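Keep the structure open while reading.

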Amino acid sequence: MFKLSRKLIFVTIIAVIIATIAIDFFAMSGKLLSPLGYFYAFFSVFMLLYVVYPLYKNRRLTSYYWERTRKNRLAMLGLFFIVFLVILAIAGPFFTQDPNHVNFEEKNLPPVGFTTSQSVYDSQTGSLRNAEISGTWKHPLGMDDKGRDILAMLVSGARVSLQVGLVATFIALIIGVIIGVSSAYFGGMVDNILMRFTDIMMTFPFFLLLVFIVFIFGADLTLIILIIGMTGWTGAARIVRSEALSLRTREFVLASRALGASDARIIFRHLIPNVMGTLIVIATLSIPGVILAEAALSFIGLGDPTVASWGRILNAGQDNLETTWWVAVEPGIMLFLTVLSFNFLGDGLRDAFDPMSEL
Amino acid sequence: MNILEVKQLKTYFFTRRGIVKAVDDVSFDLQKGEVLCLVGESGSGKTVSALSILGLIDLPGRIMGGEVIFDGKDLRQYTPRQLRNIRGKRIAMIFQDPKESLNPVFTIGVQIMEPMKIHLKLSDKETKEKATSLLERVGIPKERFFSYPHELSGGMNQRAMIAMALACDPEILIADEPTSALDVTTQALFLEVLMDLKKERGMSMIFITHDLGIVAEIADRVVVMYAGRVMEKAEVTQIFENPRHPYTIGLLNSLPNFTKKKKLMPIPGQIPSLIDLRGCVFHTRCRFAKEICAKVILQEATVDEGHLSACLFHDSQEIVKASKEVGV
Amino acid sequence: MPGKKASMGEYIARRLFYSLIIAWGILTITFILLRLAPGSPADNYLANIAASGRARDIAQVQAAIDARYGLDKPLYLQYADYISNLLHGNLGWSLSTSLPVSELLSKHWIYSFELIFLSTVFAVLIGVSIGIYSAVKQRTKADYAVTVFSFMGISIPNFWLGIMLILIFSVKLGLFKTYYDTSLPLFSLENLKAMTLPVITLGSGMLAGYSRYVRSAALDNLRKDFVRTARAKGLPERTVILKHVFRNAMLPVITIIMLDMSGVVFGGAYLTEIIFGIPGLGRISFNAIFADDYAVVVAVTLIGAVVTLIFNLLADIAYTYLDPRVRYV
Ligand SMILES: Nc1ncnc2c1ncn2[C@@H]1O[C@H](COP(=O)(O)OP(=O)(O)OP(=O)(O)O)[C@@H](O)[C@H]1O
Ligand SMILES: [Mg+2]
């Protein structure tokens, strides 16, 4: 077995950054310098250093948790779907058509296996007539009322949802950790002020606050991600604070303090690694909320108008329920399955990490 | 006269790791007006035996066999409804940890009146009067009627438990280690109240404990249990003067006040897993064990009238000698 | 006990004071966000007016609006005005409807209230019952079914559920109107029928959540020793569950239900109102967003926060009343 050194990790990181930017370049059609690309790069580096590497280093513990999670069938089902979704989001766009490509000839085409009766324009007689239209394998999930391929839009929507879910949750967790740990570690006045601030943020109904801020600052995907991240940290901050508080008095922290370790060292060496398990669980359980929040924003027309998010497709679909019901049904199913999968997985992970907790 | 007879009771727990035979072929009887003590280490099946009598075993546990004869009838044949009419009314039970055993969100007054309300046809006023007088009888000031369990001390809570158990004048009281959560002085006071009440009402009592000191003080007869089985049954004097089971001898040996010589000898080892036991359950820790002990189970052998031992070699010279050494 | 009452009052006073601080924080953060916004709130409105050619002198209108909003004053005075206006119940002027915001709100809040009230009743009644039921039947098929269904209920996006309900019950089966009829008197039978789909839309997620909380709280308590005591007294199983276990299980659940109001319920109600066209606060705010009507959006956000604050306060007080063990610290 070869040893995983820090050097190897850095090489991997560089590779991942290049890969990320490459994917960004190809799949996001040249938005090379988009802020999201940078988010991604940073996100990957962080995940490798603080999640993948520690998990690899403590293989015994990792396999212990894995065994426990594996026993939960629903969690495994969720994980399976999430992996599928990630592959779909990364590789899908290479195989589907351009989601923005409009083909008026085939608008309102139902999914495979369904037939609808519609009035179609007959170019020979130059008039409208009723015709039975059946779905074709060329557009397995059908077309919307503008003649866009729904499968292509769903694939591109998967990317949006995952981006939002992962990056916004990640930002929220970083803020939550910073606030929670400083609150617990420094105590006193700092704790007081930070926790009152957390209380205030918690008192805003999350979605109303989101709507309000997006309304003020405008709807751009990057901005929306940032906003969700910057408003959704309160739960994490509270949990991290209470975990850190109980850790603070534990022997190993006291011992290293007695040995003269600096605050930063204690925080990074002891507190953060010890709340990592909790963080993974919080992350998995917050991702669905975040995905839903973005979808809801797009659904009410406050999303980024330039990306095909599931919420936006749904919004378009609800206007034509009588004729093209599938446009409203399909993105919802994706959204539902995604959220369900994360909830299943999160629940399984929580049981595995801490069967007693009531997160 | 026997008021309660437990015959070959078997209670098993069907756990993921296997069948735990928490109570296996346990038999004993309780005579009217006597105090029967169940003793044995932690995990020997005392609580499970007591709960089985009242049919209070929860899943994954099940009573697999045996009879519980009360008042000439087998309680195991009772319907759930008939059994409920026995519980709390004719056979009452109190538990180890009084704080945990009382519901934190109801006042003790409410909890004492509860069994009366379902079992006795009294007016509300009578119920309340009876509950108050019971409280005072067990030594709790009647203002405490409206107190919540967390507002009372452990000893007070345990006395409230007794008041609750005695609310319907039961014929039998089963007390499961009622004193082990109390400190020594509270214990003594509590036992005094308990024994007074028992005499006053002519109740019979099954008293579960590990404390041989208490056994010596209150018991008429003793059942020694180990790993779900009865090891020895006898009058209390016999148990202390002429124990005939290595486990009983071991228990006495591990107690400072009962050894003639000063040398303390705790029983080595631990209670075995109750899954897949073979032979005499005690053979793994028994210093007199022979090869055959790992193969054969002896139900019980009569040592004397009213004195039974589950040891194949209860009459062997070794054991008689050890018994003489430890006996008081 | 008399001592308890005194400290209870003190406790409530302390919580009230604390809530006031939070309220102040909410107002301040909202103010800061508004001031950070690019441009003036009236920009878009003015642009629309200019486009329609209704106003002759845009500069005059601009000045008038700036004066009304106090935008010509220094920042600290704007802040002071903002706070004092709100304290006087003056929520500003809705540009798109030409009504004072407070009048608009007082006309429409009842619709939101009805939706949330009915959904909560629906969700609590059903959620609590199936939660208790599945705890009592732990590890049976019924329990599994409840668990899976509550996961699905939690995960289903409620705006999508609403659309699906409309698709199935209104469009395909024609059982309900696709739109909420505002002419019906509130809480009348016809009105309740119109509320059916919205209540299911908003309530099912809540229901699923509550059933999970209740189930886990009931399981915790079923394991407690006092349950054995209750059974040993000869109580029927119904009484053991519905009195002894239920009372204890509901303690944490009541708090959670109240705290859920802001996160789950308000967001859900906002979307439900939009989908079904119920003219509640969410719908008003939604309309205001697309009419660039700042004052209304701000007011609805603030109201949401204030109501949440009140619910948090109530949750605290309810808990201390219900759980005799709580000390007021
Ligand atoms: N619910 C249960 N599931 C599985 N095993 C159980 C259960 N309840 C009891 N047991 C097993 O039954 C055995 C006897 O337990 P019991 O509580 O009767 O012992 P005890 O003699 O009362 O001990 P203690 O002095 O500690 O109260 C133990 O080994 C225990 O593991
Ligand atoms: Mg016991």
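Helices (H or I, at least four residues) and strands (E, at least two) are DSSP runs, numbered from the N terminus. The model is predicted.

**Cavities**

The count comes to three cavities of 30 Å³ or more. The largest cavity has a volume of about 180 Å³. Of its 23 lining residues, the closest to its centre are B:His245, B:Cys280, B:Ala310, B:Cys311 and B:Leu312. Strand S10 (residues 229-235) of chain B gives the most to this lining, with three residues.

The second largest cavity holds about 70 Å³ of space. Its lining includes B:Met161, B:Met164, C:Thr229 and C:Lys233. Which elements each supply at least two residues of this lining? They are strand S6 (91-94) and helix H6 (154-165) of chain B, together with helix H9 (225-232) of chain C.

| Cavity | Nonpolar | Polar | Charged |
|---|---|---|---|
| Largest | 18 residues | four residues | one residue |

**Backbone**

Most residues other than glycine have a negative phi, and most peptide bonds are trans. B:Leu59 and B:Pro60 are joined by a cis peptide bond, with omega about 5 degrees. B:Pro60 sits in the loop between helix H1 (46-53) and strand S4 (61-70) of chain B.

B:Ala227 has a positive phi, near 50 degrees. Its place is the loop between strand S9 (221-226) and S10 of chain B. C:Arg139 also has a positive phi, about 70 degrees. That residue lies in the loop between helix H5 (101-136) and helix H6 (141-155) of chain C.

Is each residue buried or exposed? B:Ala227 is buried, because its relative accessible area is 2%, under the 20% cut-off. C:Arg139 is exposed, because its relative accessible area is 63%, over the 50% cut-off.

Notes. Residues are numbered from 1 along each chain as its sequence is written. Chains are lettered from A and ligands numbered from 1 in the order in which they are written. This is a predicted model: local features need pLDDT of at least 70, side-chain atom pairs count only at pLDDT 80 or more; totals for chains, interfaces and linings use all residues. Side-chain values use heavy atoms; hydrogens and water are left out. On a 1 Å grid over the protein atoms alone, a cavity is a set of points where a 1.4 Å probe fits but cannot get out, and a pocket is an open set with protein on both sides within 12 Å along at least five of seven lines; lining residues have an atom within 4 Å of a point. Grid points are joined across faces, edges and corners, and a volume is the space filled by probe spheres set on the points. Ala, Val, Leu, Ile, Met, Phe, Trp, Tyr, Cys and Pro count as nonpolar, Asp, Glu, Lys and Arg as charged, and the others, Gly among them, as polar. Buried means under 20% relative accessible area, exposed over 50%, partly exposed in between (1.4 Å probe, protein chains only).
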